Amino acid sequence: MTVLSFELPDGATKDVQVNHLLNAGYAGREQDEVQAHIAELAELGVPGPTTTPALYPVSPYLAQQVSEVRVQHARTSGEAEWALVITDEGVLLTVACDHTDRELEVHGVAWSKNASPDVLGRKAWWLDDVRDHLDRISLKGWVGKGEDADTLIQDSSLEALLTPDYWLGVLTERGLNAPGTVLISGTVAMTGGVDQFARSWKVEMADPVTGLSVEAGYVVEQMPEPIG
């Protein structure tokens, strides 16, 4: 089983064994906008969900804290998201980047989510400490052609997405609100004209109230062509 380790604001660390990993999708608060996005994706051949918001189970080992992601081809990209991590002491909140195989996504969103890791930040906050101002927390993503991700591709806030408490309710209904469950939030809109098929990705969640931020970043490495 994968074990994630998080540094907390007080300097303590919290280790969590991942038992369940889930990726939310089409999880914007404005569902009219979500439906418009589904229509746009349909024109690209990506199948729409049977219901929104959606929730995709992912293999737990794909929850990772890495600086490099290996992929099979050039059409993969990340997504800036938040992640909730349920522990035996409470719920942690951190940033995440859901790296997705866009070629495979055309054949099935759930399949594409299992093709690459969800990269989580190494720092986290207790959800209880930020719950009263979640909507003010920013969520940003950058991409880069080299090892430095320096071009802003996503710029939003947690206000754009369904809340952690909404998803905790869904997890409770499904019997998954238990230590070891990790849920990734779904993402926000990307800036038009920025190439998402980048060499490097960085995501950040920043809290203007505490002045604290959490980030995750990695370089994308394409594997050699297969033989056979």
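Predicted model: local features only at pLDDT ≥ 70, side-chain atom pairs only at ≥ 80, totals over all residues.
The chain has five helices and 17 strands. Its radius of gyration is 17 Å, close to the 17 Å that the globule rule gives for 228 residues, so the chain is as compact as a globular protein of that length.

**Overall build**
- Along the principal axes, the C-alpha atoms of the chain fill a box of roughly 50 × 35 × 35 Å.
- Of the 228 residues, 49% count as buried.
- The accessible surface of the chain is about 11,000 Å², and carbon and sulfur atoms account for 48% of that surface.
- Taking contacts between residues at least 6 apart in sequence, 72% join residues at least 24 apart.

**Nonpolar cores**
- The largest nonpolar core has 41 residues, and Trp82, Leu84, Trp167 and Met205 have the most contacts inside it.
- A second, separate core has 18 residues, including Leu4, Leu8, Ala83 and Leu92.
- With neighbours within four places in sequence left aside, the contacts of Met205 include Trp82, Leu93, Val95, Trp125, Ile137, Leu158, Leu212 and Val214.
- Thr94, Ser138 and Ser213 are also among the contacts of Met205.

**Helix α5**
- Helix α5 spans residues 164-173, and Pro164, Trp167, Leu168, Val170 and Leu171 are buried in it.
- The strands against which the buried residues of α5 pack include β3 (20-25), β4 (54-58), β8 (80-86), β9 (91-98) and β15 (181-184).
- Helix α4 (127-130) also packs against the buried residues of α5.

**Strand β4**
- Four of the five residues of β4 are buried, so this strand is largely enclosed by the rest of the structure.
- Strands β3 and β4 run antiparallel and are joined by five bridges.
- Leu55 in β4 is the bridge partner of Ala24.

**Glu147 and its loop**
- Glu147 sits in the loop between β13 (138-144) and β14 (151-157).
- Its relative accessible area is 58%, which makes Glu147 exposed, since exposed means over 50%.
- Not counting residues up to four places away in sequence, Glu147 touches Arg199, Ser200 and Val219.
- Glu147 and Gly175 are 28 residues apart in sequence, and their C-alpha atoms are 41 Å apart in space.

Methods. Residues numbered from 1 in each chain as written. Heavy atoms only, no water. Core = buried A, V, L, I, M, F, W, Y, C linked by side-chain atoms within 4.5 Å. Buried < 20%, exposed > 50% of the residue type's maximum accessible area, 1.4 Å probe, protein only. Contact = heavy atoms within 4.5 Å. Helix = DSSP H or I, 4+ residues; strand = E, 2+ residues; numbered from the N terminus. Pairing = 2+ DSSP bridges. Rg over C-alpha atoms; globule rule 2.2 N^0.38 Å. Areas by Shrake-Rupley, 256 points an atom, 1.4 Å probe, with all protein chains shown as cover.
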